[in-house]
Amino acid sequence: MTSLTQRSSGLVQRRTEASRSSAADKDRGTGDEDFETRRRGGGGEEEEEEEDKADSKETRLTLMEEVLLLGLKDREVICKSDAPTGDVLLDEALKHVKETQPPETVQSWIELLSGETWNPLKLHYQLRNVRERLAKNLVEKGVLTTEKQNFLLFDMTTHPLTNNNIKQRLIKRVQEAVLEKWVNDPHRMDKRMLALIFLAHSSDVLENAFSPLLDDQYDLAMKRVRQLLDLEPEGESTKTNANELLWAVVAAFTK
């Protein structure tokens, strides 16, 4: 499991991007109280309503597509119901879960679907070409495009980013979840956003969402992410209205 230790290259990139921010950005508050004050300030509800309207009109991405998009430079989820979801990868995983007896644990399914198993009799459970299939989905949704690049003796298919607005809105939502809209309680957080933060961290792409921030904002965001990562999944799963499946997945990824 990769840590959230600051890398030198990431720091250079983050400070370079931060230096390009407008002077108005520098006037933002640096502490919890500043963010809380802004969050409760006038106009907040109107801004949220406008954002909700924009989200309803924009291209809807799956959780796995959002993780992939966070990892792109500017260039194992399990369902309780056996009803088809409409997502090819999720339905493929769900089919394996439904047809397997006796049932496997969440930890086992993550290992089987990702191909991280030493049992040759269970290799057929692995989801194949996941990144490429997710990229093609994003191409169909107009987020990425497809190009051929020549590398001496062969051509390679690449998928450069073509709609940066969707990625920037995703980054903004992740930033707000641990800054302006921080609620200091994982059970009051949006479950989808909470899952995205854990999955993006496990995929080593979460820091991409925070690299444009100024130093004080970056430090605060990483501090709050660390609070989430330091939670004890087993204990959290026993709390009132807890999503047991979500915390079981978190436990598997943070073991």
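The model is predicted: local features need pLDDT of at least 70, side-chain atom pairs count only at pLDDT 80 or more, and totals for chains, interfaces and linings use all residues. Residues are numbered from 1 along each chain as its sequence is written, and side-chain values use heavy atoms, with hydrogens and water left out.

**Exercise 1. The whole chain**

Find how many helices and strands the chain has, and what share of its residues count as buried.

Solution. Begin with the elements, which are DSSP runs numbered from the N terminus (helices: H or I, at least four residues; strands: E, at least two). The chain has 13 helices and two strands. Next, take burial: buried means under 20% relative accessible area, exposed over 50%, and partly exposed in between (1.4 Å probe, protein chains only). Of the 255 residues, 37% count as buried.

**Exercise 2. Helix H6 and its partners**

Determine which helices the buried residues of H6 pack against, then list the contacts of histidine 96 beyond its neighbours within four places in sequence.

Solution. First, pick out the buried residues of H6 (residues 106-114): Val106, Trp109, Ile110, Leu112 and Leu113. They pack against helix H5 (88-99) and helix H13 (244-253). Now move to histidine 96, which is found in H5. Histidine 96 is buried, because its relative accessible area is 15%. With those sequence neighbours left aside, histidine 96 is in contact (heavy atoms within 4.5 Å) with Trp109, Leu113, His124 and Tyr125. Finally, look just after H6, where glycine 115 takes a positive phi of about 85 degrees.

**Exercise 3. Leucine 138 and leucine 152**

Decide for each leucine: is leucine 138 buried or exposed, and is leucine 152 buried or exposed?

Solution. Leucine 138 lies in helix H7 (residues 130-140). Its relative accessible area is 0%, so leucine 138 is buried. Leucine 152 sits in the loop between strand S1 (147-151) and strand S2 (154-158). Leucine 152 has a relative accessible area of 81% and is therefore exposed.
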